[in-house]
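Student: Please take a close look at one chain and how its parts meet. Then follow that chain to its partner, with the terms spelled out as you go.

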Amino acid sequence: MSELHFPWMELAIVLPLLVALPIGWLSNRELARSLAFAACTMSFVFAVGEWVDFASLGKFEAHDHWDVIAYVFHADVFVIDELSAPLLPLGGLIYLVMILATARTKVGRFSFSWTLFSESVLLATLSCRASWVLIGLLIVGVIPPWIEMRKRGCCTRVYVLHMGVYAALLLGGYLWLNVFERPGEIPMVAATLLTAAALLRSGVVPMHCWMTDLFEKTTFGTAILFVTPLTGAYAAMRLVLPIAPSWGLQSMAMLSLITAVYASGMALVQRESRRFFCYLFLSNASLVLIGLELVTPLGLTGALCVWLSVGLSLTGFGITLRSIESRIGRVSLVDYHGLYDQMPMLAGFFLLTGMASIGFPATIGFVGMELLVEGVVDVYPMTGTAVVLAAAFNGIAIMLVYFRIFTGKRHVSPASLRIRPAEKIAVLILSVLILGGGLVPQPGVSSRHHAALELSKQRHRELSAEANEELDFHTDEEVE
Amino acid sequence: MIDNLFLWLGIAVVASPSVLLAVLGLTTLLGRPLSESVTARLTSAAVVMGLLPVLAILGMMLAFDTKYVPIELGDWIALEQEHYHFNLKFVFDRLSVPFTILSFVLCGVVGAFTRQYLHLEVGYNRFFLCYAFFFAGMVISSLAGTIETLFFGWELVGLSSALLIAYFHERENPVRNGARVWSIYRLADAAFLIAALTMHKLTGGGDFGELMGSGPWPEGIAAIDPYHALVVGSLLLVAAAGKSALVPFSGWLPRAMEGPTPSSAVFYGSLSVHLGAYLLLRVSPILDQSWTLRLLVIAVGVASALFGAMMSRVQTDVKTSLAYASLTQVGIIVVEIGCGLRYLALIHIIGHASLRTMQLLRAPTLLKDYHNLENAIGARLSRNHAPWTNLIPASLRQWCYRFGYERGFLDTLLDNWIVSPFLMAFRWSDRMERGWTDWISQQPSRESDQADLHPESEPGRIA
């Protein structure tokens, strides 16, 4: 296997973890915030370094230079490939801008220590291929939100029930795959269990209520960080895609399609901004899943592009809503708030990120959405048009909420609500990426297309290997 | 040499509104909006810098007897293995050149008018940003050589439309109307996108040249069979109906008049309202492939013209009355397109757009002049009724009045039969979800229920 020129991944993963431990005990929250920001910045820099280094190699997969874990355990635990290479910087960026945009008034409520821990777990998850380590990381990743809910004295039953089932499905499915499946057979039971786990983590209807509950009960920042990296989709790519039969994947795609339309409809009737964001995200995340599960090069390319665009745009969108919430509290969508004059820049960014998430021209989502829709319509000519409908509903919902928050009779507030410098930097970083990716899409699309082709080939190789083994197995039985 | 000249002139035409959009957009995004005078000068410069090249192209086309000038900017995205190309191609032909010149002229006029009209208004910069979106969208749509490029411009026009209707955003009514128009646009855009994808599948690309066969507009013959022509054409008709406020989407047109007069003039009097008709003209060879489709187009046009004529007569304000008068004309233009009278439709668009822009820009001062006139003569101006109105029974006249006044009940029908059931179904789902999470939690599970209606006006709540 190819080797990077530096231990990028290990440093990106370990650094937040090392800083997370001491800042948990720091009573000076401002210092904790600064340290967390520094750790996130460095981790992001290492993640970008990993991506650039990997791209320069021109290989499908590679592992770290001086891979300590491989040296100790004699196994390539952390391996980067074309799927995960851009996801690590994306994950790092999401955490970085979230910490950067955290208002000073909220530093007491937002746990930087657990946030860094979550970042570390996320980056480790995104660096793992199918293995027990990945299963473990996927399960560990659900713990920090639960702890936050407990600390806030909220009822955790909905979350625990869903995540408990998720963990059981992951463990059961992977155990079944490794212990009970006969060689050469398509692992139906394991694939079903792992598929259910991935769908549950992705919030596919009707297993989505944990997500709305999470947004209700944790801080907005924690909820955004937990969902926007699309860990469920990653689990599906690593655990389900290589082993699931085509009809299984297409059933998943249909479920995701239903979720996309349902969530977009639900976004239209929400009366509070967090729940609205949750459904908007759910709809967009389901669009990504649809493309991933089609396993056609075009659909997969579209899905991988939309994955990045959704990650960037909805993180930005979430940050905007969170910034508004940090100023005025929970935002009711029942009436008009008239905040435009008091926060014009946030209004602009709200529209920019919102429009990017629905694939508006000249934003990063446009091309991805086009490819995705084309890929879906190729496979499902009639029902595939529901993707277009879901995007249309999402567009309507975003504009309705824009009007609710920023227009209407102006309610004069006693304090300035204008955007703060740190928030402005976070917002501008994301704006540059959203517009840059939209205006010059070819490099990103080519990279995702190459990844899609490799992933398709990998799946075909593994499925045909299984089919051959099955053939050999039956031939041996007949000989005996 | 000539080809290069065409290329650079073509690039200049598209680049001028795009640069204006980039400058106004970036300065706004950075929180450093430009001053009024700089904005106005930039806008004028963009109009002139775009108009001169397009006039030069027209002159060269006439001089060299060229009917079709494609400007290929290459692939914006290309996935060779998948045969997927997003080609940036603009076309100067007998349809796009007049429409582009019209766009530049009317945008220029309205830009100059707005400079005075909105002087010292708080939303001056916001207006011109939306104007830049619209301007770029119109030019891109007019010159689009592929259906994706047309969709690109189409979306820009839609967004700017909704935001400009809600320009006076401290009042709820314009905002509600903006939201309504946006909703209809989005659904129309969905139909457009599906049509574009279907065309992609049928022809292997979205190039109008390939789809419409050989020969420049309007002589092309569509390279698809009647059945597919009906499917694609119907979807495009829905998209056009949404954009041009044709029946059954006519209800949004008077609502759009809530915006400032210059935007009403340039959007709903002249350019935007004709964009649907322009789309039908652009794909008119498809209409030739299916008689059913042509009849559909004619039916929609006739219905829209009749609705518009009936409604415009009973409106109580000048802008709404003009809006419905526009609808009548657009309906007739659509009928002309359905009948295959393409040049007539194009001339009709140009004439109608120019007249309506003038009428709408004149509207704010017209009433004042009217009152001055009445004051001068010391009596009300006479109102002549058409002699044939007395031949219609009173009950029918009353019904017609009510029908027109209620705007054909179209909004009510859409609300009662589509919007309400849709929202009711999802509200029911929301209640079910609440029941489910409450049951698992064994307590009320939604903190969001306690969200204050207006926390921003409570001093203690501001962080």
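Tutor: Domain bounds here are taken from an automatic or database domain assignment. For chain A, that assignment gives domain 1 (1–129) and domain 2 (130–479). Residue numbers start from 1 along each chain as its sequence is written, while chains are lettered from A and ligands numbered from 1 in the order in which they are written. This is a predicted model, in which local features need pLDDT of at least 70, side-chain atom pairs count only at pLDDT 80 or more, and totals for chains, interfaces and linings use all residues.

Start with the two domains. Their C-alpha centres in chain A lie 20 Å apart. Domain 1 of chain A brings 31 residues to the contact, and domain 2 of chain A brings 37. Residues count as in contact if their C-beta atoms, placed from the backbone, lie within 7 Å. On the domain 1 side, α4 (87–100) and α5 (112–126) of chain A are the elements that give two or more residues. Helices (H or I, at least four residues) and strands (E, at least two) are DSSP runs, numbered from the N terminus. The largest share of that side, nine residues, comes from α5(A). By class, the domain 1 side has 20 nonpolar, seven polar and four charged residues. Here Ala, Val, Leu, Ile, Met, Phe, Trp, Tyr, Cys and Pro are nonpolar; Asp, Glu, Lys and Arg are charged; the others, Gly among them, are polar.

Now the sheet of chain A. Three strands form an open sheet in the order β1-β2-β3, with mixed pairing. β1 (2–3) and β3 (79–81) of chain A are the edge strands, each with a single partner, so one side of each has no neighbour in the sheet. β1(A) runs parallel to β2 (residues 61–63) of chain A, and two bridges join them. Strands pair if DSSP finds at least two bridges between them. S2(A) has A62(A) in β2(A) as its bridge partner.

Next, a helix pair in chain A. α8 (residues 157–179) and α10 (residues 209–217) of chain A pack with axes 9 Å apart, at an angle of about 140°. That angle makes α8(A) oblique to α10(A). Axes are lines fitted to C-alpha atoms, for helices over the stretch in contact, and angles run from 0 to 180 degrees between N-to-C directions. Angles under 35 degrees count as roughly parallel, over 145 as roughly antiparallel, 65 to 115 as roughly perpendicular, and the rest as oblique. α8(A) passes α10(A) in a left-handed crossing. A crossing is left-handed if the near helix is turned anticlockwise from the far one by less than a right angle, and right-handed if clockwise. From α8(A), V158(A), Y159(A), H162(A) and M163(A) meet C209(A), W210(A), D213(A) and L214(A) of α10(A). This contact has six nonpolar, one polar and one charged residues.

Two backbone details belong here. Most residues other than glycine have a negative phi, and most peptide bonds are trans. V205(A) and P206(A) are joined by a cis peptide bond, with omega about 10°. P206(A) sits in the loop between α9 (188–202) and α10 of chain A. A362(A) is not a glycine, yet its phi is positive, about 70°. A362(A) lies in the loop between α16 (344–357) and α17 (364–379) of chain A.

Last, the partner. 65 residues of chain A are in contact with 56 residues of chain B. On chain B, α1 (2–29), β1 (68–79), β2 (84–93), α5 (147–165), α6 (172–203) and α17 (410–441) each supply at least two residues of the side that touches chain A. The largest share of that side is 14 residues, from α6(B). It divides into 28 nonpolar, 14 polar and 14 charged residues.

Two of those elements pair with each other. β1(B) and β2(B) are antiparallel, over nine bridges. L79(B) has Y84(B) in β2(B) as its bridge partner. The two strands, β1(B) and β2(B), form a hairpin with four residues between them, and in the turn H83(B) has a positive phi of about 55°.

Note on methods
Two residues are in contact if their C-beta atoms, placed from the backbone, lie within 7 Å.
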